[in-house]
Amino acid sequence: MTKPTNNVPDSFVDWFRDSSPYIHAHRGRTFIISFGGEAVVDAGFANLIHDIALLHGLGIRLVLVHGARPQIEERLKTRGVKTAYVEGLRVTDNAALTCVKEAAGSVRVEIEALLSMGLANSPMAGVRIRAASGNFVTAKPIGVRNGIDYCHTGEVRRVDATGLEQRLQAGAIAIVPPLGYSPTGEVFNLSSADVAASVAVALGAEKLISLVEAKGVTDSRNQLITNIVPKQVDALLQRRKKLPDDLRHHLEAAVYACRSGVKRIHIVNRKRDGALLKELFTRDGIGTLITAEPYEETRTARIDDVGGLLELIEPLEKTGVLVRRSRELLETEIDGFTLMERDGMAIACAALFPYPKEAMAELACVVVHPDYRGSDRGDRLLAYMERKAQQNGIDKLFILTTQAAHWFRERGFVQADLRNLPMRKQALYNYRRNAKVFMKKI
């Protein structure tokens, strides 16, 4: 008789299970993925294409928008052609345009070749992916700005959303080069970031994913900013004059896309292996998420949050850190709870139960999810609860705790006597639990 296997944690199984909500959520959605020509010449580009093929296999509708800057530079150098850059944009004369068209065509063929792979014992084994390209973008010339004639450098005028939609409905991955065409038959060199944002807006895409050369969007301490809203991006662009052109263009395009209805824009360092998968199938991702509304918010709990709150507090109830609350009790107390939510998941909570006669309130059930401890979320939540109490005429908070005394003491709470509590609370005190009382004037 075979003995049952030990219940040993398996990181792969855990990750796969945790990714399942995202697999279901992404199926049938339209994602625009933008990357530069630098990614194409990188030794790891085949891995990126394999990951893109995996997304396609999971039922995600994909449009790839590629750049071609290094490929253009190589051809310009070979022919001895020099071009100028003004405000991060190439001035594309006739000689440069020839190099632009050749480079864009070369990159497109390279992408199509990798998407056509099907060797046994490779990540693409048994895969049959159709790639579709075409004249999906109508463009117009930038013209003369500040006395500079940009020649054949243009900007997007219109995207053929119907044509792209037809390719996607047929099950193909659409490939859009950084080129645009005019009704008079002219060809224009475009910014791939602008093309990607315009395509995302035209298709009503759920996501625009920009794979950039930089580490990502960082703060003044060079720490990655995980989520940001457009007005914060505006301030960052105004403040940081020395951002790399690549990142600046993608951020400007991201703000346009976000304000034009694209729900989520991801700015991701493409140099990290598996960056797409880590960004799309883990809760926190590895890049910067730009959304019209905060990705993480603190708000008053609602009745439909009860399940998430129970998942958050039950582990601490089992260990005796928190007093056990039934679902029924939680439902009756729900108006007193505040929830910190990240991408639909409860990651922290606290409750405030006022005693208006004494101008006091009990702060209870302060919990931060284990994955988010060590950050400043506990402090942010406490500050939020203190402001909420003050707005309701409360000038003193008290807590009853068995194991978190030091955390509260470090934040200004002072040990008090049971007799300092409101009489109604004294009558409910559990002497078997023997919790310590701490108070704080706010």
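Lys and Arg count here as positive and Asp and Glu as negative, while His and the chain ends are not counted. The place of a charge is taken as NZ of Lys, CZ of Arg, CG of Asp or CD of Glu. On that basis the chain has 61 positive and 52 negative side chains. The centres of the two sets lie 3 Å apart.

This is a predicted model, in which local features need pLDDT of at least 70, side-chain atom pairs count only at pLDDT 80 or more, and totals for chains, interfaces and linings use all residues. Residues are numbered from 1 along each chain as its sequence is written, and side-chain values use heavy atoms, leaving out hydrogens and water.

**The whole chain**

The chain has 442 residues, and 48% of them count as buried. Buried means under 20% relative accessible area, exposed means over 50%, and partly exposed lies in between (1.4 Å probe, protein chains only). Along the principal axes, the C-alpha atoms fill a box of roughly 85 × 75 × 35 Å. The accessible surface comes to about 22,900 Å². Carbon and sulfur atoms account for 49% of that surface. Areas come from the Shrake-Rupley method with a 1.4 Å probe; for residues, only the protein chains shown count as cover.

The secondary structure comprises 15 helices and 23 strands. These are DSSP runs numbered from the N terminus: helices are H or I with at least four residues, strands are E with at least two. Contact means heavy atoms within 4.5 Å. Among contacts between residues at least 6 apart in sequence, 70% join residues at least 24 apart.

**A helix pair**

How do the axes of helix H6 and helix H7 cross? Helix H6 (residues 161–169) and helix H7 (residues 192–203) have axes that come within 10 Å and cross at roughly 80 degrees. That makes H6 roughly perpendicular to H7. H6 contributes Ala-161, Leu-164, Glu-165 and Leu-168 to the contact. H7 contributes Val-199, Ala-202 and Leu-203. Axes are lines fitted to C-alpha atoms, for helices over the stretch in contact, and angles run from 0 to 180 degrees between N-to-C directions. Angles under 35 degrees count as roughly parallel, over 145 as roughly antiparallel, 65 to 115 as roughly perpendicular and the rest as oblique.

**Three residues and their contacts**

The contacts below leave out residues up to four places away in sequence.

His-250 is found in helix H9 (residues 245–259). His-250 is buried. Its contacts are Ser-34, Ala-193, Ser-210, Val-212 and Ile-267.

Cys-151 sits in the loop between strand S8 (148–149) and strand S9 (154–159). Cys-151 touches Val-91, Thr-92, Asp-93 and Pro-141. Cys-151 and Asn-189 are 38 residues apart along the chain, and their C-alpha atoms are separated by 9.5 Å.

Pro-354 belongs to strand S19 (residues 345–355). Pro-354 touches Met-360, Ala-361, Ile-394 and Arg-424. Pro-354 and Ala-197 are 157 residues apart along the chain, with 49 Å between their C-alpha atoms.

**Positive phi**

Glu-87 is not a glycine, yet its phi is positive, near 55 degrees. Glu-87 lies in the loop between strand S3 (85–86) and strand S4 (89–90). Asn-222 is also not a glycine and has a positive phi of about 65 degrees. Its loop runs between strand S13 (207–212) and strand S14 (227–228).

**Accessibility by residue**

| Residue | Relative accessible area | Class |
|---|---|---|
| His-250 | 6% | buried |
| Cys-151 | 32% | partly exposed |
| Pro-354 | 46% | partly exposed |
| Asn-222 | 46% | partly exposed |
| Glu-87 | 63% | exposed |
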